[in-house]
Amino acid sequence: MAEKWTNNVRIFVSVKTMKYLVRGGRVSFVSGLIARILNICPIVSIDESGKPILFDKTFNQKANMEK
């Protein structure tokens, strides 16, 4: 049963700032700058291979929690 459950688990991370995604090289400087200017807060998930993917994006933390 545990193996079945692990296949159905999804992780969602609400990112408050793009600063560390840009520093780590996950996001380009230009994309990070645009996101910072527009105050975009992305929701990041992890796919089956372990790579981060963009799940959704909002303009504030409250909307992130609702999604």
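## Ile34 and its place

Ile34 has a relative accessible area of 45% and is therefore partly exposed, a class that lies between the buried residues, under 20%, and the exposed ones, over 50%. This value, like the others in this report, comes from a predicted model.

## Fold and overall form

Four helices and three strands make up the secondary structure of the chain, and when they are read along the sequence they follow the pattern α-β-α-α-β-β-α. The radius of gyration of the chain is 14 Å, whereas the globule rule gives 11 Å for 67 residues, and because the value is well over that of the rule, the chain is more spread out than a compact globule.

The box that the C-alpha atoms fill, taken along the principal axes, is roughly 45 × 25 × 15 Å. Of the contacts in the chain with a separation of 6 or more, 36% are accounted for by residues 24 or more positions apart.

## Surface and charge

Buried residues make up 18% of the 67 residues in the chain. The accessible surface of the chain comes to about 5700 Å², and 60% of this surface belongs to carbon and sulfur atoms.

As for charge, the chain carries 11 positive and 5 negative side chains, and the centres of these two sets lie 12 Å apart.

## The aromatic pair

The structure holds one aromatic pair. Its members are Phe12 and Phe55, whose ring centres are 4.6 Å apart and whose planes meet at 55 degrees, so the pair is tilted; planes under 30 degrees apart would count as stacked, and those over 60 as edge-to-face.

The two residues come from separate strands: Phe12 lies in strand β1 (residues 12–14) and Phe55 in strand β3 (residues 52–58), so the pair ties together parts that are 43 residues apart in sequence.

Technical notes:
Residues numbered from 1 in each chain as written. Predicted model: local features only at pLDDT ≥ 70, side-chain atom pairs only at ≥ 80, totals over all residues. Heavy atoms only, no water. Rg over C-alpha atoms; globule rule 2.2 N^0.38 Å. Buried < 20%, exposed > 50% of the residue type's maximum accessible area, 1.4 Å probe, protein only. Contact = heavy atoms within 4.5 Å. Areas by Shrake-Rupley, 256 points an atom, 1.4 Å probe, with all protein chains shown as cover. Lys, Arg positive; Asp, Glu negative; His and termini not counted. Charge placed at Lys NZ, Arg CZ, Asp CG, Glu CD. Phe/Tyr/Trp six-rings, centres within 6.5 Å; stacked < 30°, edge-to-face > 60°.
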